[in-house]
Each structure stands twice: as C-alpha cells, then as structure tokens.
Amino acid sequence: MPKRVDHEERRAQIAEALIQVAGRRGLHAVGMRDVAAEAGVSLRLVQYYFETKEKLLFYGLQHLTDRFTARVGERLRAVGPDPGPRATIEALLLASLPTDEEGRTFHLLYSSYSILSVTDEALAAQPFIDNPDAAENAVAGLLRQAQESGLADPSADARIEAISLLAMTATMGTSILVGQRNPESAVAVLHHHLDRIFTA
C-alpha cells in the first residue's frame with residue numbers, strides 16, 4: 001500500500017528549507033531550485049506545491065510568523081503560568097531581536113520580506129501580513145491593562161508607547177545585524193524604556 005503523503009507537512013518542510021537557505025544567503029538570492037536542494041526534494045515537487053516563487057515566499061512568510069509565535073510562547077512558558085503585562089510585552093519584543101540564531105533569522109527575513117514587498121509587484125499584490133496592526137494592538141492592550149492595574153504610568157499614551165517600543169525594537173534589531181551594537185546593549189535599552197513605563 002503506498003504511503004499517504006501529508007501535504008501540509010510537505011509544504012512546511014519546503015517552507016522551512018526556504019527559511020534555512022534564505023537565512024544563510026539572503027531572501028533576494030534564493031530561487032526555487034535552491035529551496036528544493038535544501039529540502040532534499042525535486043524542483044518539480046516545489047513547483048507542484050507553490051507554482052511560483054512569489055507563492056512560495058508568501059507561504060514562507062506565514063511559516064516564519066508561526067515560528068515567531070511559537071518562540072514567544074516558549075518565552076512566556078518559561079516565565080510561569082501568569083506572566084503579566086510587562087513580561088508578556090518583554091517576551092514579544094525580545095523574541096524579535098537577533099540575540100541568537102533563531103532571532104537573527106527571523107529579523108533578517110522579516111525585514112527582507114517587507115523590503116521585497118515594496119519592489120516586487122507579484123509579492124506586493126498579496127497582503128504582506130493578514131493583520132498589520134496585530135503586534136501594535138497587542139502591546140497597547142497590555143499597556144492599558146497594566147495601567148488599569150496600577151502597574152504602569154497612568155499618564156502614558158498606551159498606543160504611542162506601543163508604536164515606539166515596536167519601532168525601537170525593529171531598529172535595534174537591524175543595528176545588531178549590522179554590528180553597530182551588541183545584543184546585550186540592545187536588551188539594556190529595551191529594559192530602560194520598559195522601566196520608564198512600568199512604574200510602581
């Protein structure tokens with residue numbers, strides 16, 4: 001009896017190969033043949049599942065986002081059963097910083113996707129992310145929750161602080177990638193701003 005193929009598992013395998021090879025060579029330099037070689041499958045199989053490079057890239061972005069969500073979840077589980085607003089925000093922001101190989105790959109590829117979607121018409125025709133304000137809304141909501149519990153500065157504008165924290169983290173991530181600063185100094189800056197917001 002022939003082995004039944006799990007198509008979603010095969011798609012995930014190919015997407016993971018895309019992330020691995022793009023993390024080494026850069027997203028712009030990766031072709032479907034490179035991904036096939038990395039995954040240990042034929043080029044025809046990659047084309048069967050994704051048809052075009054743009055469809056492969058878009059699926060790869062979704063896979064990258066799923067990996068990031070799992071990374072945040074691991075950080076939160078390490079904190080404990082009830083992490084609270086500050087620890088949750090910290091887990092979200094620190095998970096996106098390139099302080100280890102997984103974070104480096106995420107930041108490099110997510111930044112590459114955003115830049116590529118500006119200049120690649122086929123990729124730009126698809127939504128870059130389903131809910132572009134998801135992270136901003138989540139952080140702002142957690143900040144409001146902290147304010148209501150007396151854990152954060154009540155005079156702070158939660159929305160502006162959320163935007164600032166996310167923008168600062170993204171910029172510091174790039175500065176780590178290019179060697180402008182080390183991960184420790186970036187984390188210290190992030191903690192400084194969280195200490196300012198989360199006042200007793």
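Predicted model: local features only at pLDDT ≥ 70, side-chain atom pairs only at ≥ 80, totals over all residues.

Guide: Residues are numbered from 1 along each chain as its sequence is written, and side-chain values use heavy atoms, with hydrogens and water left out.

Visitor: How many salt bridges does a search of the whole structure find?

Guide: A salt bridge is a side-chain nitrogen of Lys or Arg within 4 Å of a carboxyl oxygen of Asp or Glu. The search finds 11 salt bridges. One of them joins the side chains of Asp 100 and Arg 71, at 3.0 Å from N to O. Arg 71 lies in helix 4 (residues 53-79) and Asp 100 in the loop between helix 5 (84-96) and helix 6 (101-119), so the pair ties together parts 29 residues apart in sequence. Helices here are DSSP runs (H or I, at least four residues), numbered from the N terminus.

Visitor: Which residue forms a salt bridge with Arg 86?

Guide: The partner is Asp 195, with the closest N and O atoms 2.8 Å apart. Arg 86 belongs to helix 5 and Asp 195 to helix 10 (residues 183-197), so this pair ties together parts that are 109 residues apart in sequence. Arg 86 is partly exposed at 24% relative accessibility, and Asp 195 is partly exposed at 45%.

Visitor: How do I read the sides of a helix?

Guide: An α-helix has 3.6 residues a turn, so residues three or four places apart point the same way. In helix 2 (residues 32-39), the buried residues are Met 32, Val 35, Ala 36 and Ala 39. They cover an arc of only 100° around the axis, which puts them on the same side of helix 2; the arc is that of the directions from the helix axis to the C-beta atoms. Arg 33 and Ala 37 are exposed on the other side of helix 2.

Visitor: What do the buried residues of helix 2 pack against?

Guide: They pack against helix 1, helix 3 (43-50) and helix 4. After helix 2 comes Gly 40, with a positive phi near 75°.

Visitor: At what angle do helix 1 and helix 6 pack?

Guide: Axes are lines fitted to C-alpha atoms, for helices over the stretch in contact, and angles run from 0 to 180 degrees between N-to-C directions. Helix 1 (residues 7-25) and helix 6 pack at about 90°, with axes 10 Å apart. The two helices are therefore roughly perpendicular, a term for angles of 65 to 115 degrees. In this contact (heavy atoms within 4.5 Å), the residues of helix 1 are Leu 18, Ile 19, Ala 22 and Gly 23, and those of helix 6 include Leu 108 and Tyr 113.

Visitor: Which residues of helix 6 meet helix 9?

Guide: Arg 104, His 107 and Leu 108 in helix 6 meet Ala 170, Gly 173, Thr 174 and Leu 177 in helix 9. The axes of helix 6 and helix 9 come within 10 Å and cross at roughly 110°.

Note on methods: Buried < 20%, exposed > 50% of the residue type's maximum accessible area, 1.4 Å probe, protein only. Parallel < 35°, antiparallel > 145°, perpendicular 65-115°, else oblique.
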